[in-house]
2 protein chains.
Amino acid sequence: MGNADLALTDMEGPHRVPLPPERPFLDTFRANLKETFFPDDPFRQFKNERGSRKVVSALQYFLPILEWAPKYSFGLFKSDLIAGITIASLAIPQGISYAKLANLPPVLGLYSSFVPPLVYAMMGSSKDLAVGTVAVASLLIASMLGKEVSAAENPGLYLKLAFTATFFAGVFEAALGLLRLGFIVDFLSHATIVGFMAGAATVVCLQQLKGMLGLQHFTTSTDLVSVMESVFTQTHQVKEGFCVFFQKQETRQTEKIMLSTFIVLCLYMLQWRWESVVLGSCFLFFLLLTRYLSKRNPKFFWISAAAPLTSVVLASLLVYLTRAENHGVQVIGYLKKGINPPSATSLEFSPPYIMIALKTGIITGVIALAEGIAVGRSFAMYKNYQIDGNKEMIAFGMMNIVGSLTSCYLTTGPFSRSAVNYNAGCKTAMSNVVMAIAVMITLLFLTPLFHYTPLVVLSAIIISAMLGLIDYEAAIHLWHVDKIDFCVCLGAYLGVVFGSVEIGLVVAVTISILRVLLFIARPRTTVLGNIPNSMVYRRVDQYPIAQSIPGIFILHIDAPIYFANASYLRERISRGIDDEEDALKTKGRTNLQYVILDLGAVGSIDTSGISMLEDLKKNLDRRGLQLVLANPGSEIMKKLDKSKVLEGIGHEWIFLTVAEAVGSCNFMLHTQKQADSNGTHDNMV
Amino acid sequence: MGNADLALTDMEGPHRVPLPPERPFLDTFRANLKETFFPDDPFRQFKNERGSRKVVSALQYFLPILEWAPKYSFGLFKSDLIAGITIASLAIPQGISYAKLANLPPVLGLYSSFVPPLVYAMMGSSKDLAVGTVAVASLLIASMLGKEVSAAENPGLYLKLAFTATFFAGVFEAALGLLRLGFIVDFLSHATIVGFMAGAATVVCLQQLKGMLGLQHFTTSTDLVSVMESVFTQTHQVKEGFCVFFQKQETRQTEKIMLSTFIVLCLYMLQWRWESVVLGSCFLFFLLLTRYLSKRNPKFFWISAAAPLTSVVLASLLVYLTRAENHGVQVIGYLKKGINPPSATSLEFSPPYIMIALKTGIITGVIALAEGIAVGRSFAMYKNYQIDGNKEMIAFGMMNIVGSLTSCYLTTGPFSRSAVNYNAGCKTAMSNVVMAIAVMITLLFLTPLFHYTPLVVLSAIIISAMLGLIDYEAAIHLWHVDKIDFCVCLGAYLGVVFGSVEIGLVVAVTISILRVLLFIARPRTTVLGNIPNSMVYRRVDQYPIAQSIPGIFILHIDAPIYFANASYLRERISRGIDDEEDALKTKGRTNLQYVILDLGAVGSIDTSGISMLEDLKKNLDRRGLQLVLANPGSEIMKKLDKSKVLEGIGHEWIFLTVAEAVGSCNFMLHTQKQADSNGTHDNMV
């Protein structure tokens, strides 16, 4: 039959699909394990090195500073110095604001910008990451710990729990890294993070209404509804006025409503502190303006970088001169001088509270990790160097463990600060060291200056930072590109805004995983046709020019065949064949004799899948159709062989390409009857 | 460049990969929905039919009896009659035994073989399924309800809960069918069911030790440990004798142990009722013998089918004559005459108990469904007719709802009974009607005959039936074919035997789903090479003859690109390129210029995947490498286009086949320098 095939398939007769060589179970097992947990092959640089060097490179692996410090030059230091000072000027106000957001003493924000950056500078593998606290994690700590312990009533215990949570977060992060489980972070998809961040930013902004409006009483829960309630129902007299107004029955419905809303608003304005509102709005406008300017022209990045510190200084001066703190403008007040006191003793491992600390630690840890690694990866990509996810996790973990022992709370690589760092032209992690030193100096000498800093300006700083996180363009992009991802994003957003941060996460991750499972459960099976004047067979729905071959039905399965889809595929394929036969009958064409399954896209198969193929074979035999397989992967071949299904199908009916399969089938169809085809095959192979 | 390609690719220049035509969102959405929930297209037979006919075929769809009853002939009835009587002779003793297993009044077993079969005969689409109760579900009911209510102390409430659970099971099954969620059952993989069934069978056999040994006190929990305890620690004097024996210090270690074990056994034999043991063993031997015989020669199926009834009759006679019930042989005792009383009033929906009933109903419902549908499918396959999974679910559901209102408990299509039915040559569901009538006659007139039936013979019947369910060959097969599936199977088995039925299920399903997620999270990326004298490119690890092309690196990704694997793939691919470049350097060969990604097996992609490709493109550009895509699916093309990544990569760098991609790349490599290649491309396309 070689001749016939010459025309139809390639230069030679059909290639055999070989059985993969028998490998001992343990080898494959080890290989799979390596591929699963060491995909980045971290030890490749140690290979073909001997004794002493091995130790050195091992040390360098865990402490990258040993790699770059020796090559460090004054030229590099100059750029790092500038970058370091710039991020410090951003770090100080942000640190204080986020600490307030977490209901922790403001000075903790400064502590957290001193020790952790030093740790990261030694262990981190990113050159652009600037270490610090982040708004979302701070908010999470506040909301999760706040459920158990009130920061207002029992600040001591609350502080302890915050340290403990940080400690657990660090341990968890380091463990993930050491156990090579970095890929767990990947399950927070891009869409999830977009929606989640936007939701968190919204919630954080809502929280700032307290500071902006100078409200005394505020809800501890973060969802939209309760925040709105506590903004618009400060006192009862308002409600009363509302009711009184509605006693007048003569007013007509519409104007009644309009009037009432108007009155209500006025009443509330009286509840709010106009000083704070004015002050806040001014600085918010100033900050947004600077952000806008430096967006317009990246060379002016320093404007927006310096803006927060500037506004803090201005606001403090203003308050100091006008004594505004006596007119209802709340200020930070006394900040303790001196660097981080040790906090090892105040870790709380006693039963009733350890669980909440553990839970908070793990959730905040994962969130912080996700942001930090995402940031690190993206900047590494700009400068085209690799970042080892697992190594980063260990660095983050150590950073937080050490932090929790030195009165710091959860830190990671915030996007805003790292972006400023990158724009300021940092060269190495040394910029973090510079920032740490600057913060240290502040802690030692400058804390009194923050006494008069009004909270409202901190709120303004937070809001302006948060507005940058609401990336509606990304959401629109998601809608255009992938509807399901948009649902994931929306789910995360709504979950966070109307439920809680955890709910948002759970919703998003669940949808994402369901989508994956659904893809597996409902794989696409498409009919293939021949692209004219070529040996190529492609999906007819994608390539309208593709033509079907009379008497031959070619199906393409583009998903692994698993228990979850085996029975679906069984029915789907037989239905496809039915449809095809009906179509042929109506057209009065030659009816089917061969069914070719293109397994090129079937990456993996399990026993359910194998038995599906077995059933299909039996079924087709009963219908007088010949099952032909094209381009099965080695795993499939192995399992077909092991399960003896291969004998059932016949090795001669398995081809390297669809083209060769079609070639042989055509040969059979044309030269002789179905009856003695098997005979020919035995000679053929 | 056409000439150069002529040699390299096919007859023509490279084919363009077209962009799929723009389809309105709603259309695609509807199509996906249809494919997900109506893959079997249940309404196809209604198409191109008008008014009245439509109604008829709609009725026929829900009541298949309307389809086959009109064509029913006496010839068919003869075979159905034989089959029906055969399964009845099996159904009566089995029904009683399983009812005992569920701690329910034995007569319920007979009730459950009367009404449900009639319902199924009308609604079921299988010709071979014989309806009845199953051991596993019975055991589940006993163990799950037993936790809340003791059947011994409060039989009335226990009975009510059993009916309620059955009702909920029915509602749940019907709902699954109506909501087209049949595929949920598919998540119980073949491996899961093998391990689960074996485990359940083991547990059921263990439970029978009570009957076989004639023990009075027995544990309610089903796990191995507690059963062994309650078998081997009936009384304390045994322990004492044991201790006493061990006071003698002079006896040597070995003989001490031997002696002790011997003595212990003797002591226990005295605790056990030797009459039951002897009787049970004899009948068990008899039943296993008949099973063996009819396995040897399928023509004698009736031997094993009739064996249970025979042994019941024999045993009852024996007991009646020897008055053995007075010598510690427990008998069924009084069975109420008459057919099913209504039980609608005894459904229990009050708060404290509804939850347990609901939980029991849903779990047992799913298990029963899985077994019934699997059985129906396999027999349908032998006779080559289709079974509609969702329609079957509705039938099972209705059957159990009606059953729960007529004092029946959970029924499905047991394998043993259906196999007998099939061997007995049943033709239609009429055999179920015959069985039902036979059982009805029994209920009306023959119940007194079962007064003297010893429980031990029922235990023997159950054990002999269960031993058939322990399919160790299947487990061995799993080990050979797919190690992970073997783990799933083992997990299910151990979970059921040492934990509980639910634990076993959860373990197995979790492992199965983790396996799927792991496949997605760690897709295989393999290097492709050219098969000599052909246009075919295949994995070099699978086809050792495949040769790499100098200057070109071809990677094949065989999984959808999702958030779960995007960052892994990003690193994996760049690492693959590094390795390749290192290898080339050592060999001193021409270094890379093109990286071809074969996307033929990438069935689906999400936004994370798209941005991964975008990053990859940027990364390669920085390294002076050209990214080339081969054979992307229409979904990928659409999303690449929508996300503007397509422009970044350049449509001219996307080819229909790897061969054509290689062709163009070679052309570039050979004819001119990299520099002006872009220019050529603009002309080319």
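This is a predicted model: local features need pLDDT of at least 70, side-chain atom pairs count only at pLDDT 80 or more; totals for chains, interfaces and linings use all residues.
**H11 and H21 of chain B**
- H11(B) crosses H21(B) in a left-handed sense.
- On the H11(B) side, the contact is made by B:Ala201, B:Val204, B:Cys205, B:Gln208, B:Gly211 and B:Met212.
- These meet B:Val456, B:Ser459, B:Ala460, B:Ile462, B:Ile463, B:Met466 and B:Leu467 in H21(B).
- By class, the residues of the contact of H11(B) with H21(B) are ten nonpolar and three polar, with no charged residue.

**H15 and H16 of chain B**
- Helix H15 (residues 274-296) of chain B and helix H16 (residues 301-322) of chain B have axes 8 Å apart and pack at an angle of about 165°.
- H15(B) and H16(B) are therefore roughly antiparallel to each other.
- The crossing of H15(B) past H16(B) is right-handed.
- From H15(B), the contact draws on B:Leu279, B:Phe283, B:Phe286, B:Leu287, B:Thr290, B:Arg291 and B:Ser294.
- From H16(B), the contributing residues are B:Phe301, B:Ile303, B:Ser304, B:Ala307, B:Pro308, B:Ser311, B:Leu314, B:Ala315 and B:Leu318.
- The contact of H15(B) with H16(B) comprises eleven nonpolar residues, four polar and one charged.

**H7 and H20 of chain A**
- In chain A, helix H7 (residues 115-123) packs on helix H20 (residues 430-446) at an angle of about 160°, and their axes are 8 Å apart.
- That angle makes H7(A) roughly antiparallel to H20(A).
- H7(A) and H20(A) form a left-handed crossing.
- A:Pro117, A:Leu118, A:Tyr120 and A:Ala121 of H7(A) meet A:Asn432, A:Val433, A:Met435 and A:Ala436 of H20(A).
- Seven nonpolar residues and one polar residue make up the contact of H7(A) with H20(A), and none is charged.

**Interface between chains A and B**
- Chain A gives 93 residues to the contact, and chain B gives 96 residues.
- About 8,200 Å² is buried between chain A and chain B, 57% of it on carbon and sulfur atoms.
- Four salt bridges are counted between chain A and chain B.
- B:Arg524 is paired with A:Glu635 in a salt bridge, where the closest N and O atoms are 3.0 Å apart.

**Salt bridges in the whole structure**
- Over all chains, the search finds 26 salt bridges.
- A:Arg524 forms a salt bridge with A:Asp558, and the closest N and O atoms of this pair are 2.6 Å apart.
- The A:Arg524 and A:Asp558 pair links distant parts of the chain, 34 residues apart.
- A:Arg524 sits in the loop between helix H24 (501-521) and strand S1 (525-530) of chain A.
- A:Asp558 sits in the loop between strand S3 (552-557) and helix H25 (563-587) of chain A.

Methods. Residues are numbered from 1 along each chain as its sequence is written. Chains are lettered from A and ligands numbered from 1 in the order in which they are written. Side-chain values use heavy atoms; hydrogens and water are left out. Axes are lines fitted to C-alpha atoms, for helices over the stretch in contact, and angles run from 0 to 180 degrees between N-to-C directions. Helices (H or I, at least four residues) and strands (E, at least two) are DSSP runs, numbered from the N terminus. Angles under 35 degrees count as roughly parallel, over 145 as roughly antiparallel, 65 to 115 as roughly perpendicular and the rest as oblique. A crossing is left-handed if the near helix is turned anticlockwise from the far one by less than a right angle, and right-handed if clockwise. Contact means heavy atoms within 4.5 Å. Ala, Val, Leu, Ile, Met, Phe, Trp, Tyr, Cys and Pro count as nonpolar, Asp, Glu, Lys and Arg as charged, and the others, Gly among them, as polar. Buried area is the accessible area (1.4 Å probe) that two parts lose on being put together, summed over both. A salt bridge is a side-chain nitrogen of Lys or Arg within 4 Å of a carboxyl oxygen of Asp or Glu.
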